[in-house]
Amino acid sequence: MTDDGFDAPVEGVGRVLGTADATPLQFWAAVSPGSYLQLDDVVVTRRELPDREPVTIAGVVTQVRARHEGAQFDSDVFAIADGTLPAQVQEAAEVTTTRVDPEFYVPPTPGAVVHRAEGDARARALHFDRMERRIPMGMGRDGVPVYLNADFLDGTRGAHVSISGISGVATKTSFATFLLYSVFRSGVLGGDAVNAKALIFNVKGEDLLFLDHPNARLDDATRAGYAKLGLDAGAFPDVRVYAPPRVGDSSGTPDVSSRLTGVDSFYWTLAEFCADRLLPYVFADADDERQQYTMVVHSVTAHLARYAQPADGGVSIDGVRLGGYAELVDHIVEQLNDDETRSEWAGSAVGLGTVNAFARRLIGSKKDLGRLIRGDLATRRPHSINTAESAQVTVVDLHNLPDRAQRFVVGVTLRSEFERKEKAGTAKPLLFVVLDELNKYAPREGSSPIKEVLLDIAERGRSLGVVLVGAQQTASEVERRIVTNSAIRVVGRLDPAEASRPEYGFLPPAQRQRALLAKPGTMFVNQPDIPVPLCLEFPFPAWATRVSEAGHPPSQTLRSITQTADPFAVVGSAGGTDDDIPF
Amino acid sequence: MTTPGARFYVDGWDPSYGASFEAAATGPAAPSSAQVETDAELPAVDWRAIDVRPGVRAPNVVLLVDGVRRIDASIWTAEEDGGSFPGVAASYAAGVVRCDLERGAAQLAGARVGRGLFTASPSAQEVVAGSIRYPVHRVSGTGELAKLPTAVQAPLTALEVAVSDAARTDGDLLVVDGPLRSRRNLPRTLGYIKTQHSQYLDARLTAVVTGLASGQRSPVFRVGTAWGGWSWYLRLPVLAGAPWAGIVRVECSPDLDISEAVELADLSLVTLPRFASTPYKDPRAPQNLIPIAGLERRLRALLGDSRLLHRALTAAARTGTTRR
């Protein structure tokens, strides 16, 4: 009897290996000659069982290797390349199981044919078939769309996105904006998408100020990529950009350099500052809650809320009219230094050292916050950030602001948005909050009013329809409760030291290594449905990300802030809704 | 105190393989009984080492054939008359390596595995052990156990011929591991003998052979035995050492003219040294050629795991799957 030493050509892409353990959760497959498997390819194999229906085991390739079989020594490679030693190049792929259907955890049989999963089989392997609403996130390595389960984004079963990666290469903000674009434009959320709002904080450069400008470098290939994902390539249609007022400019023009039209300035009036109790947000340093002087902060806040009266843009306290933040600070410090009024402002049991610590910090904030808290501009001029009344996408530019002012703006804006949602009491319409450098606002150590707001959003935002899309260089430095509450975790290129931290435990070892050399535009997305993070590339933004890319501005950006205010509205009616009787 | 004596050399081969020169029981000085015709290429008085002839190029494709065999189990049959015959269940495999020197690729161009139950028992039936079949190869004579392993050689040689036929192309050179024997009629074929059992040449001509430098050959001579033919010695690249270190004997068909034989000898001199193995990688270096060593490894792997087969045979014997 003779039998042929060679296998008949295998249909499919390979066979399950028998020289390494095949387990229900991970197995190796030898790749047939003439075929190949690359990382992230989706494969499927079947296991026949004696007394029941066959089990389909699907998985994602998480490692591939090639070696010379028949070579014993490293130097044998030269003899092999020289054509004297016969050897076979054998490739093998490690497959991490993503789905076992029906759920009957048996290992695949060594020798079983492994097929490349395409079409419905691929969708089943990646659980896309179980997703009722699928938001396209980008292309897999195989050039086929990869989806996000909308249930885990809009709060139905989970919410919040955490994006980590080195700044500059990881394209965290671009991915966050692409995700928003996809949510708004894919039609997956149906009517909710129309009403859903986004609040984006721009912390670096003027990158995000051109979301409503088409990208002049958009080519047909990129358009085709968008089409493949079921999206039109275009800019965000409805964007409102806010920037802080210019320093020292009494007219309050927005402080931007590249975008000249369609930018509104935002600030708070002294009256709002006092009435809305915004003072604690001035003291937003991480460890301030533990300091003694926070007692003073709260009693001064209460005092301001009780006694400050709006007076022609500014406020008047104890009969003194204050026309700016600096004046307010000076007045408070003066009152605190006065033995007669100190206990009235700071409470009776406070030591002089504590009062001085407060006063020192308050005086330090004058320079940073003077341009944001105003008493010199017309009261009826719209100046507040309110996503409910703003466009679909609201961009708040922070990049020109010093650190303390950034924290103040983020803290106050998020609090007012969150309180508004709390009052509304319904999850719809959704509000997406995009915040980069989350480690600055919600650091792992210490506590601050801003961190409390962010924690509130992370823990209760899901039911209130506030979805936090947080980005940070290092997830290990962000408050753990925020990271753990994020249903969707995204990783771009990581720092090698950072990649080994337990926060990235969801990445299998091979992907952790790959994250060290991920190209810009490549992200690893982990969602609760799928046990393996998916590697994807999202398309080049169809909107401008810098002034050099910006195409023609949309016509509505030409409007100025004064035109948006109704010239016929009655003075003092504060925006004037239709329900109010105008006179 | 050591007295100055003859220099000594350590044989390159691993001792378990014997020595590369074994002049068998007749002793190293005793000449082979075969008729040797030494005047074919050069007159015997004129014998000298021959270098590579200028202008001879190695063929682009060299095929190397080898076979391996393994006894999986020794068995005893129970005959109806109460007697018993020994037998062996053997696996054997033959393969061809196609060394495409131009492309720099050595491939297994064909490999076949055969198995058989070798016994003189008249009643033996084929053995089925698991998914493996051992068809009966009936051995004539008394079939003592000691002689059975040599009985495997015939089907193995047949298998080698079959695989090498399938892989031939024009202009190639086929190198057979071992003497040509029944394969003398294959065209452009060399027999490659790495172990020297007989001394065909007289002492003076032997000195020419042991005096060969690396990459030189002896003149072609003719061995007049039944399996004889044109033959020459060749020294593979080897560090200076024992007189017979790196010496192999190559033979070709006796049906060829002397000029064709000399042509093949020149061709072997440019082809074979390239395949010589290195000592630390191969216990039989340099004679055991790299492609042959690689092929043997592959073929052994094709034979299957011996423990597994032994277990399957034992189980088959117990359940009586030996069909009667």
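This is a guided tour of a predicted model with chains A and B, going from one selection to the next.

Before you select anything, note that residues are numbered from 1 along each chain as its sequence is written, and that chains are lettered from A and ligands numbered from 1 in the order in which they are written. Because the model is predicted, local features are described only at pLDDT of at least 70 and side-chain atom pairs count only at pLDDT 80 or more, while totals for chains, interfaces and linings use all residues.

Next, colour chain A by domain, with bounds that come from an automatic or database domain assignment: domain 1 is 14-125, domain 2 is 161-262 + 384-495 + 542-564, and domain 3 is 268-374. The centres of domain 2 and domain 3 of chain A, taken over C-alpha atoms, are separated by 31 Å, and their contact takes 19 residues from domain 2 and 16 residues from domain 3. On the side of domain 2 that touches domain 3, select α12 (403-424) and α14 (449-464) of chain A, each of which supplies at least two residues; the largest share, 7 residues, comes from α12(A). Helices (H or I, at least four residues) and strands (E, at least two) are DSSP runs, numbered from the N terminus.

**A sheet in chain A**

Now select β15, β16 and β17 of chain A, 3 strands that form an open antiparallel sheet in the order β15-β16-β17, where two strands pair if DSSP finds at least two bridges between them. β15 (309-311) and β17 (320-322) of chain A are the edge strands, each pairing on one side only. Strand β16 (residues 314-317) of chain A pairs with β17(A) over 3 bridges, and Ile317(A) stands opposite Val320(A) in β17(A).

Most residues other than glycine have a negative phi, and most peptide bonds are trans. With that in mind, select Asp101(A) and Pro102(A), which are joined by a cis peptide bond with omega of about -5 degrees; Pro102(A) is found in the loop between β6 (88-101) and β7 (113-116) of chain A.

Then go to His127(A), in the loop between α2 (120-125) and β8 (134-140) of chain A, which has a positive phi of about 65 degrees although it is not a glycine. His160(A), in the loop between β9 (145-149) and β10 (161-164) of chain A, also has a positive phi, of about 80 degrees.

Is each of these two histidines buried or partly exposed? His127(A) counts as partly exposed, with 18 C-beta neighbours inside 10 Å, whereas His160(A) is buried, with 27 other C-beta atoms within 10 Å. A residue is buried if 20 or more other C-beta atoms lie within 10 Å of its own, exposed if 12 or fewer, and partly exposed in between, with C-beta atoms placed from the backbone.

**Chain B and its contact with chain A**

Finally, select chain B, whose secondary structure comes to 6 helices and 12 strands, and of whose 324 residues 43% count as buried. The contact between the chains takes 28 residues from chain B and 16 residues from chain A. On the chain B side, β4(B) gives the most, with 9 residues.

Terms used: Contact = placed C-beta atoms within 7 Å.
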